[in-house]
Amino acid sequence: QVQLVESGGGLVQAGGSLRLSCAASGRTFVSAVMGWFRQAPGKEREFVAAISRSGARTYYADSVKGRFTISRDNAENTGYLQMNGLKPEDTAVYYCAAGRGYLSDKEYDYWGQGTQVTVSS
């Protein structure tokens with residue numbers, strides 16, 4: 001069992017940065033793939049980034065590649081999403097997730113409650 005709690009969201013101007021954190025409880029975090037997804041109003045939830053269990057492999061949606069960086073600290077049971085060069089279209093509720101796979105939300109078994117990110121133009 002893994003419980004996830006996101007933090008770090010907020011309001012930022014276009015071009016700014018935010019760092020999201022995902023604090024995990026439970027011993028299985030280190031054995032789980034970690035991902036970030038987001039959902040904007042009126043839109044479906046979409047994949048943002050994922051990182052392998054060891055942190056050696058990372059995956060990004062094309063829309064955030066080069067601007068966002070996913071990382072994890074297994075010793076601290078925490079995952080991160082560094083977001084630079086934010087755009088208004090990045091506005092969404094961001095969720096961290098832990099599970100078995102990478103790109104599909106169906107491959108994730110545990111979800112946080114979400115944190116709001118709002119980017120003003």
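**View 1. Surroundings of the Arg72 side chain in the predicted model.** A polar atom of the Arg72 side chain lies 2.9 Å from the backbone oxygen of Ala32. A second polar contact, 2.8 Å in length, joins the side chains of Arg72 and Asn74; a polar contact is a pair of N or O atoms within 3.5 Å, where within protein one must be able to donate a hydrogen and the other to accept it, and residues adjacent in sequence count only if both atoms are side-chain atoms. Arg72 belongs to strand E7 (residues 68-73); strands (E, at least two residues) are DSSP runs, numbered from the N terminus. Arg72 is buried and has no salt bridge, the nearest side chain of opposite charge being that of Asp73, 8.3 Å away. Buried means under 20% relative accessible area, with exposed over 50% and partly exposed in between (1.4 Å probe, protein chains only). A salt bridge requires a side-chain nitrogen of Lys or Arg within 4 Å of a carboxyl oxygen of Asp or Glu; for charge, Lys and Arg count as positive and Asp and Glu as negative, while His and the chain ends are not counted. When neighbours within four places in sequence are left aside, the contacts of Arg72 (heavy atoms within 4.5 Å) include Phe29, Val33, Ile51, Arg53 and Thr78.

This is a predicted model, in which local features need pLDDT of at least 70 and side-chain atom pairs count only at pLDDT 80 or more, whereas totals for chains, interfaces and linings use all residues. Residues are numbered from 1 along each chain as its sequence is written, and side-chain values use heavy atoms, with hydrogens and water left out.

**View 2. The open sheet containing E1 and E7.** Four strands form an open, antiparallel sheet in the order E1-E3-E8-E7. Its edge strands are E1 (3-7) and E7, each of which pairs on one side only. From one strand to the next the twist averages 15 degrees; axes are lines fitted to C-alpha atoms, and angles run from 0 to 180 degrees between N-to-C directions. E1 and strand E3 (residues 18-25) run antiparallel and are joined by 5 bridges, pairing being assigned if DSSP finds at least two bridges between two strands.

**View 3. Glu6 in strand E1.** Glu6 is located in strand E1, and Cys22 in E3 is its bridge partner. Glu6 is buried without a salt bridge, and the nearest side chain of opposite charge, Arg45, is 8.6 Å away. The Glu6 side chain reaches two backbone nitrogens: that of Gln113 at 3.0 Å and that of Gly114 at 2.8 Å. Beyond four places in sequence, residues in contact with Glu6 include Trp36, Tyr94, Tyr95 and Cys96.

**View 4. Leu4 in strand E1.** Leu4 is also found in strand E1 and counts as buried because its relative accessibility is 6%. Residues up to four places away in sequence not being counted, Leu4 touches Cys22, Cys96, Tyr110 and Trp111, among others. The C-alpha atoms of Leu4 and Gly79 are 9.7 Å apart in space, although the two residues are 75 apart in sequence.

**View 5. Strand E11 and its partners.** Strand E2 (residues 10-13) pairs with E11 in the parallel sense over 4 bridges, with Gln13 opposite Ser120. Strand E9 (residues 92-99) runs antiparallel to E11 and is joined to it by 3 bridges; here Val93 stands opposite Gln116.
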